[in-house]
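I opened my notebook to go through this structure step by step.

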Amino acid sequence: MTSTAPALAPAPVSWDDLVAAALLGTERRTPPVAVRPGQDAASALLDAAALSTVRRRAGLRPAPARPGPAPAPEDPRPPLPPAARSRLAMLLADRSSPGRSGPRSAPDLAELLPQWLALANQHGYRAPDALLPTLLDAARARTDLRPEALTLGGPRALWLARLNPDWKFALRGGPGRGTAPASEPGGAASDDAEVRRSWEEGLFAERVSLLARTRHRDPAAGLALLSGTWSTERAEDRLMFLDSLRDDLSPSDEPFLEQALSDRSRNVRATAAELLAALPDSAYAARMAERSAACVSLSPATGLIAVDPPEQCDSGMQRDGVVPKPPSGRGERSWWLSQLVEATPLTRWSEWFGGLDADRIVALPVADGWTGDLHAAWCRAAVRQRSAEWSRALLGPPGSPPATAGAPAVAAWRDPAKLLSALPSEERARWVADFIASHGLSDAFRLLGVCAVPWSERLGGAVVDALDIARDAGSYPWSFSGIMGLAERCLDPAQADRLEMLTALPDEPEGAAPGAGGYWSEAFQRLVGTLRLRGAMRAELAGG
């Protein structure tokens, strides 16, 4: 009896050979595989590749299991009321970037999400666990949402962010200024060595955030952190770090800022000079005041302010941040004078001018046409030094002509929006309301942007009245779209009932812009709908 030896299995073909055959093509090279009857070479090659893939995967050893993440930290804040939770889910589902994609009369939900987050944080709620991933995705897509979204997300949002690289932005800033959790650099449980390590090894955005948190908690410790690496930082980084000292600036920062006046970077020197000018008792402020006193004086006999600008920009002035080369179209001496005056403490002018207050000093005549230059420098000084007295004096009454590009030189130096930012919020709203009542809305957009939200009843009423007047006059409606957008976000929701009557389609007066009536009707419908929705959001967050 004859025995037959079993057939040997064909030797496996290497993966590299299979790839080479596939790249060349089966028509150019016979593949190194057995072709079954009725099968073409290409199919045989693919079968062999599939078999080789299974063989390779089967031979892999399983990797050791990684330890699971630590449990998510507890968040002791109260949960959202059920209606508010549903509202958040709806807003996140429509979290596309700002811009309307639905009917023109429908509220813009993307614009309402930032307001909802801010209101929820004012109530001290925490985000629902199930919505944290969607909330982090929304904050990733829109940087304007991040501070409020991370505050609402709290420690559990940071816990999730460590598990997904798409959310690493959350680890760079923490949930809010001065609120880093204990396990994070800058938190209460971090020791000096951990803070130092994070400062020296962290990404730039992380370092800026760490410096801000440390400065807010302990200004001296933050300054020591920056001083330790200052000489090795890049110029652009030194500029950003220096600017972060602004919020918690104190006289103890003066020696460091004086050293920064000799920095290699012109921008760093300019920022150091600006910060020193905000310290009225600094040696820098005294030097600039001495120079200003030599250039500007009051004649007791005539009551006239005389101006004699510097003849040259010497090395001392340049070391103190005075830029020698003026902008195009500006005279050198005028340019140097303005930089000296705006860096001089405003209290000095009252001392030099016989105890006069800001109102009377601003009203004094200025000789030789220097009014615009002098008042413009005082304006910048008032904003920089946050002086309500000088801002009020330089603004003048709201019924005076607005400062525009084509205004006379006597008013062209004013920037009301910046000056208003130095006034208390209630006074700011009253001034803008009276300005709108006198001049309408054409020059009011920037002024409204610096008013506290929601607008006061007086300011909101002035805006609504001006919009009603523009509508009845058949004004070109699209020129008011910016004001309408502000009104949707800033008007008190209680104004909705008053605005309801303006949603009707008006009779278009003769000479009105074509289609203006329909646009005004849709715009007011959207405004009323948005205000009602904002009112509902408030009630839901209040638990109503």
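**Contacts along the chain.** Residues 24 or more positions apart account for 68% of them. I kept in mind that this is a predicted model.

**Overall make-up.** I looked up the secondary structure next. The protein chain has 28 helices and two strands. Then I checked burial: 42% of the 544 residues count as buried. The protein chain exposes about 28300 Å². Carbon and sulfur atoms supply 55% of that area.

**Aromatic pairs.** How many aromatic pairs are there? I found a count of eleven. I picked out Trp 230 and Phe 256, whose ring centres are 5.0 Å apart. Their planes stand at 75°, over the 60 degrees that edge-to-face requires, so I logged the pair as edge-to-face. Where do the two partners sit? Trp 230 is in the loop between helix H10 (219-229) and helix H11 (235-243). Phe 256 is in helix H12 (residues 254-260).

I then noted a cluster. Ring pairs link Trp 349, Trp 352, Phe 353, Trp 378 and Trp 390.

**Salt bridges.** I searched the whole structure and got 34 salt bridges. I followed up some of them.

Arg 36 forms a salt bridge with Asp 47, and their closest N and O atoms are 3.8 Å apart. Arg 36 lies in the loop between H1 and helix H2 (41-58), while Asp 47 is in helix H2. The pair therefore ties together parts that are eleven residues apart in sequence. Is Arg 36 buried or exposed? Its relative accessibility is 52%, so Arg 36 counts as exposed. Asp 47, at 39%, counts as partly exposed.

Arg 246 came up in two entries. One partner is Asp 243, with the closest N and O atoms 2.4 Å apart. Another is Glu 274, at 3.1 Å from N to O. This second pair links distant parts of the chain, 28 residues apart. Arg 246 is in the loop between H11 and H12, and Glu 274 is in helix H13 (residues 266-277). I looked up accessibility for each residue. Arg 246 is partly exposed at 32%. Asp 243 is partly exposed at 34%. Glu 274 is partly exposed at 30%.

I also wrote down a network. Salt bridges link Glu 258, Arg 287, Arg 291, Arg 319 and Asp 320.

**Cysteines.** How many disulfides does a search of the whole structure find? I got zero. A disulfide is a covalent bond between the sulfur atoms of two cysteines. Cys 313 has a relative accessible area of 12%, under the 20% cut-off, so it is buried. Cys 379 is also under that cut-off, at 6%, and therefore counts as buried.

**A surface patch.** Which residues form a nonpolar patch on the surface? I noted Trp 15, Val 19 and Leu 23, with about 290 Å² of accessible area together. Val 19 is in helix H1 (residues 15-24). Its relative accessible area is 33%, so Val 19 is partly exposed.

**Backbone checks.** The peptide bond from Val 453 to Pro 454 is cis, with omega near -5°. Pro 454 falls in the loop between helix H24 (445-449) and helix H25 (457-472).

I then turned to positive phi values in residues other than glycine. Asp 368 has phi near 60°. Its place is the loop between helix H18 (358-363) and helix H19 (371-384). At 69% relative accessibility, over the 50% limit, Asp 368 counts as exposed. Arg 386 has phi near 55°, again a positive value in a residue other than glycine. Arg 386 is in the loop between H19 and helix H20 (388-395). Is Arg 386 exposed or partly exposed? Its relative accessibility is 47%, so I wrote down partly exposed.

Definitions and conventions
Residues numbered from 1 in each chain as written. Predicted model: local features only at pLDDT ≥ 70, side-chain atom pairs only at ≥ 80, totals over all residues. Heavy atoms only, no water. Helix = DSSP H or I, 4+ residues; strand = E, 2+ residues; numbered from the N terminus. Buried < 20%, exposed > 50% of the residue type's maximum accessible area, 1.4 Å probe, protein only. Patch = residues over 30% accessible without salt bridge, like charges linked within 9 Å, V, L, I, M, F, W, Y side chains within 5 Å. Areas by Shrake-Rupley, 256 points an atom, 1.4 Å probe, with all protein chains shown as cover. Salt bridge = Lys/Arg side-chain N within 4 Å of Asp/Glu carboxyl O. Disulfide = S-S within 2.5 Å. Contact = heavy atoms within 4.5 Å. Phe/Tyr/Trp six-rings, centres within 6.5 Å; stacked < 30°, edge-to-face > 60°.
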